[in-house]
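Here is a short report on the strands and helices of one protein model. Have the structure open as you read.

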Amino acid sequence: MSEALHRAELAAIEEQLRHASGAARMTLHRDAAYVALDLGHSALAMTHAVQCLDAARGLGDPRLEAKAHVTAALVMADAYDDQGAETHFSRAEALARACGDARGVALVAVNASHFELERNDSAAAAARLQALLDSDYAPGLLIADVRVGHELHQSFHINYVKGAALALRGEVPADLRARLEAQLPVSAAFLQTLHQEEGLDTARWGPDILDALTAYALWQGRPDEALALADEEVALSRVGGTSLQLGRALLERAGVHAERGEWTQVILDAQEAAPLFEQAGRDLLSVQAWQAVADARAQQGHYREAFEVQRQLTARTQALHRAFFQQGAQLRQIERQAQEAEVRARALAEAALRDPLTGVPNRTHAMNRLQEVWAQAQQGQPNSVALLDIDHFKSVNDRFGHAVGDEVLTRVAQGLSEAVRGTGCLTRFGGEEFLLILPDLSPQDARRVCERLRQTLRELSWADLAPGLAVTGSFGVAAVRRGLPVKDTLQAADGALYAAKAAGRDTVRVELRPAGIGESD
């Protein structure tokens with residue numbers, strides 16, 4: 001796909017993001033990050049990656065969060081922040097394993113192997129993929145994604161063939177070597193079949209498949225076949241590839257020419273590749289291309305020219321080191337800002353569910369939690385609620401002032417919240433009224449809890465606040481019943497609270513069981 005098409009794709013994704021939410025928003029940010037990487041826009045890619053991760057965390061789905069961490073890892077890897085990439089890969093793998101997501105574990109392994117191949121660590125990539133193949137998570141490779149089908153399976157074989165073919169040309173432990181030599185022809189045959197398929201998306205998969213098969217042909221000692229495959233990759237990349245894709249194809253072909261001792265061709269390909277990498281913002285790859293030129297000049301005996309190229313490379317490498325340091329710092333700043341924004345968002349969300357005066361959960365939180373226990377009650381779980389009203393609270397304000405009244409509300413809320421911790425949840429329902437949500441308790445068990453809280457309230461000391469002040473409370477208990485709407489449950493608790501006040505206050509009353517309403521045993 002050309003740069004113009006990539007830019008159009010990115011613009012279309014960003015337009016969709018204006019209206020997207022939920023999992024769709026997370027997926028769009030993920031897609032945008034990958035397109036930005038293809039365009040060489042690392043900072044934009046990181047911005048989308050952290051927004052993808054933030055959206056995934058908000059959904060509370062560990063599978064989606066694992067995918068988001070993989071995206072962040074690949075962006076960090078692209079910026080040569082290897083430590084950041086490894087951290088995100090590790091987090092993704094831990095999440096996928098914890099929830100038994102076989103495809104998620106496979107996704108991490110395949111993408112981490114790509115990262116290792118980019119760092120020329122083919123032995124690590126091959127070992128990682130072989131370990132996946134030998135594990136219980138291998139079937140995850142065959143699980144199709146609703147959006148991309150079997151791309152993960154194809155990517156596995158591409159990375160396996162390239163990683164194993166390169167690794168087997170070096171030192172590999174004997175036990176691993178045997179397994180690689182057994183699997184490599186199988187994966188290569190799979191890629192050869194894909195290469196011959198007319199329906200294959202050649203613009204997307206063709207160059208990667210040809211690159212892997214070229215490495216395989218070299219391992220088999222077939223340099224002519226390797227060169228033919230490399231020529232095909234270059235031709236394909238010239239037709240529909242990006243500058244980066246064409247540069248990679250040329251540099252790979254330069255490597256084949258080097259294997260064949262064709263140094264003039266190495267120089268021609270590498271010299272063409274270098275400015276393409278610079279155009280794509282991949283200066284380190286440009287340095288590798290110029291290094292290939294210097295090596296080829298030396299092989300030809302042109303030592304002065306080789307020295308001159310090497311001298312210029314030294315200066316470029318120093319500049320690159322500074323640039324990568326600055327870029328890494330920029331990406332980490334983007335990630336840190338996103339994390340800080342997430343913390344602030346969580347704090348604001350939590351604050352919106354708390355009463356600003358007393359610090360306990362507010363009415364909104366109470367209704368949300370009440371819906372949860374109501375849903376549990378529909379499955380037969382015993383749950384209860386209780387309304388608490390501070391007795392004669394108006395007289396507290398009239399006698400001691402509103403400042404004392406506010407302090408009474410705060411101390412009551414905090415004291416009873418501590419007393420009910422582990423049993424239920426105290427929320428401020430409005431004014432001097434509080435709602436107790438008591439999951440797993442029958443009305444009679446809830447009554448005993450409320451009797452204990454009533455006594456706790458009587459024993460609170462107010463001497464430091466207002467001499468002569470005494471505070472009591474009345475409680476009305478009701479069951480969260482199967483088939484009874486939430487509003488009716490609250491009305492039942494309110495009726496029981498009214499009965500407690502009518503009985504003289506400072507007491508606990510349980511609702512009268514409505515006629516015709518029962519609970520299954």
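How many of the six residues in strand β2 (residues 425–430) are buried? Five of them are, which leaves β2 mostly covered. Keep in mind that this is a predicted model.

**The sheet**

Five strands form an open sheet. Their order is β2-β3-β1-β4-β5, and the pairing is mixed. β2 and β5 stand at the edges with a single partner strand each, so one side of each has no neighbour in the sheet. From one strand to the next, the twist averages 25°.

Two helices pack on this sheet. Helix α18 (residues 402–420) touches β1, β2 and β3. Its direction makes about 150° with that of β2. Helix α19 (residues 443–459) touches β1, β3, β4 and β5. Its direction makes about 165° with that of β4.

| Strands | Sense | Bridges |
|---|---|---|
| β2 (residues 425–430) and β3 (residues 433–439) | antiparallel | five bridges |
| β1 (residues 383–390) and β4 | antiparallel | seven bridges |
| β4 and β5 (residues 508–510) | parallel | three bridges |

**The β2-β3 hairpin**

β2 and β3 form a hairpin. Two residues lie between the strands. Gly 431 sits in the turn and has a positive phi of about 55°. Across the pair, Leu 426 stands opposite Leu 436 in β3.

Which residues of strand β4 are buried on each face? On one side they are Gly 473, Phe 475, Val 477 and Ala 479. On the other they are Ser 474, Gly 476 and Ala 478.

β4 pairs with β1 in the antiparallel sense. Here Ala 478 in β4 is the bridge partner of Val 385. β4 also runs parallel to β5. In that pairing, Gly 476 has Arg 509 in β5 as its bridge partner. Between β4 and β5 the chain passes through helix α20 (residues 486–502), and this β-α-β crossover is left-handed.

**Two loop residues with positive phi**

His 392 lies in the loop between β1 and α17 (393–400). Its phi is near 50°, a positive value in a residue other than glycine. Arg 505 lies in the loop between α20 and β5. Its phi is near 70°, again positive in a residue other than glycine. Is Arg 505 buried, exposed or partly exposed? Arg 505 has a relative accessible area of 32%. Buried means under 20% and exposed means over 50%. Arg 505 is therefore partly exposed.

**The α8-α9 pair**

Helix α8 (residues 151–167) packs against helix α9 (residues 174–196). Their axes are 9 Å apart, at an angle of about 130°. What does that angle make them? The crossing of α8 past α9 is left-handed.

Note on methods:
Residues are numbered from 1 along each chain as its sequence is written. This is a predicted model: local features need pLDDT of at least 70, side-chain atom pairs count only at pLDDT 80 or more; totals for chains, interfaces and linings use all residues. Side-chain values use heavy atoms; hydrogens and water are left out. Buried means under 20% relative accessible area, exposed over 50%, partly exposed in between (1.4 Å probe, protein chains only). Helices (H or I, at least four residues) and strands (E, at least two) are DSSP runs, numbered from the N terminus. Two strands pair if DSSP finds at least two bridges between them. A crossover is right-handed if, with the strands pointing away from the viewer, the path from the first strand over the helix to the second runs clockwise. Axes are lines fitted to C-alpha atoms, for helices over the stretch in contact, and angles run from 0 to 180 degrees between N-to-C directions. A crossing is left-handed if the near helix is turned anticlockwise from the far one by less than a right angle, and right-handed if clockwise. Contact means heavy atoms within 4.5 Å.
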